[in-house]
Amino acid sequence: ELELSNVWNIARKWFMASYPFGVLAAKSTTTKKVGYITGLKMADFVGALNAVNDGIQATDPSVEFVYAFVGDYNDPVKTRQIAESMISEGVDVIVGHQNLGFFGILEAAKAAPHKVLVTGLYSDKIAMAPDQYTSALLIDHASVFVQVIKEIMAGNTSGYYEMKPGAGMHMSEPIHNVSEDVAKAALEAQDKVAKGEIILEEKNQDTP
């Protein structure tokens with residue numbers, strides 16, 4: 001068995017960080033229809049969409065959940081078309097795990113015939129859609145690298161670090177365009193995941 005004595009493994013637990021967005025979506029939808037849009041059908045994002053659904057089911061099981069894999073993280077035109085299709089079917093909250101494709105979700109939400117809220121990834125884009133944007137899942141690699149480098153400097157040349165709520169992953173604040181009670185519920189869910197008070201199963205093989 002090969003032992004690598006000079007490798008640190010950093011795991012990003014997308015599903016743990018995605019659960020609070022399901023709570024946010026379930027509490028903020030008025031049509032009882034929530035959408036999820038991502039790029040490729042990869043294990044990380046299958047797990048993320050299942051966790052969003054788990055958050056919805058734990059909050060309001062009557063909410064309908066629909067999802068789509070665009071096939072590309074950086075195609076805003078195709079992503080917008082999918083978002084528009086969801087919106088036409090009554091979706092009024094879209095959780096977006098996209099890169100450049102996310103701008104398609106924003107444009108679809110801004111042009112929608114009814115109020116549509118969106119959540120994003122990596123950076124808060126409130127300035128681009130001030131009436132539609134709620135929060136983003138922020139990924140803070142810098143703080144994680146600092147922790148790992150400290151371990152290496154202390155003599156631990158190999159190890160494992162999990163990025164998750166409370167450790168390099170968190171919702172952007174403030175949460176926009178929702179009530180104080182809705183924002184509080186989402187942040188409390190995130191805190192419970194971080195503290196281990198909510199235990200989530202990583203379901204990254206099958207979709208709901």
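## Aromatic pairs and the cluster

Two rings of Phe, Tyr or Trp (taken by its six-membered ring) count as a pair if their centres lie within 6.5 Å; the pair is stacked if the planes are under 30 degrees apart, edge-to-face if over 60, and tilted for the rest. The structure is a predicted model, in which local features need pLDDT of at least 70 and side-chain atom pairs count only at pLDDT 80 or more, while totals for chains, interfaces and linings use all residues. Residues are numbered from 1 along each chain as its sequence is written, and side-chain values use heavy atoms, with hydrogens and water left out.

Trp14, Phe45, Tyr73 and Tyr122 make up one aromatic cluster. The count of aromatic pairs is six. One of them is tilted: phenylalanine 45 and tyrosine 73, with 5.6 Å centre to centre and 55° between the planes. Phenylalanine 45 belongs to helix α2 (residues 43–59) and tyrosine 73 to the loop between β3 (64–69) and α3 (76–88), so this pair ties together parts 28 residues apart in sequence. Helices (H or I, at least four residues) and strands (E, at least two) are DSSP runs, numbered from the N terminus. Phenylalanine 45 has 7% relative accessibility and counts as buried, as does tyrosine 73 at 14%; buried means under 20% relative accessible area, exposed over 50%, and partly exposed in between, with a 1.4 Å probe and protein chains only.

Tyrosine 67 and phenylalanine 69 form an edge-to-face pair, 6.3 Å centre to centre with 75° between the planes. Tyrosine 67 is partly exposed at 29% relative accessibility, and phenylalanine 69 is partly exposed at 24%.

## Nonpolar cores

A nonpolar core is a set of buried Ala, Val, Leu, Ile, Met, Phe, Trp, Tyr and Cys residues joined through side-chain atoms within 4.5 Å. The largest has 32 residues, of which Trp14, Leu24, Tyr36 and Leu137 touch the most other members. Helix α1 gives the most to this core, with six residues. Another core, of 21 residues, lies apart from it and includes Ile37, Ala68, Val116 and Val118.

Contact means heavy atoms within 4.5 Å. Leaving aside neighbours within four places in sequence, tyrosine 36 has contacts that include Phe45, Phe65, Tyr67, Met86 and His97.

## Helix α3

α3 has 13 residues, and its first and last C-alpha atoms are 18 Å apart, close to the 18 Å expected at 1.5 Å a residue; the expected span is 1.5 Å times one less than the number of residues. Its buried residues are Thr79, Ile82, Ala83, Met86 and Ile87. Seen down the helix axis, they fall within an arc of 140°, so they line one face of α3; the arc is that of the directions from the axis to the C-beta atoms. They pack against β2 (33–38), β3, β4 (93–97) and α4 (102–110). The face turned away from this buried side carries the exposed residues Val77 and Ser88.

At the start of α3, a side-chain oxygen of aspartate 75 comes within 3.2 Å of the backbone nitrogen of valine 77. Glycine 90, with a positive phi near 105°, follows the helix.

Lysine 13 sits in the loop between β1 (8–12) and α1 (14–28). This lysine 13 counts as buried, at 16% relative accessibility. Not counting residues up to four places away in sequence, lysine 13 touches Tyr160, Glu162, Met163, Lys164, Met169 and Glu202.

Helix α5 (residues 141–153) has 13 residues, which should span 18 Å at 1.5 Å a residue; the end C-alpha atoms are 18 Å apart, which agrees. Glycine 155 follows α5 and has a positive phi, near 105°.

Key. A polar contact is a pair of N or O atoms within 3.5 Å; within protein, one must be able to donate a hydrogen and the other to accept it, and residues adjacent in sequence count only if both atoms are side-chain atoms.
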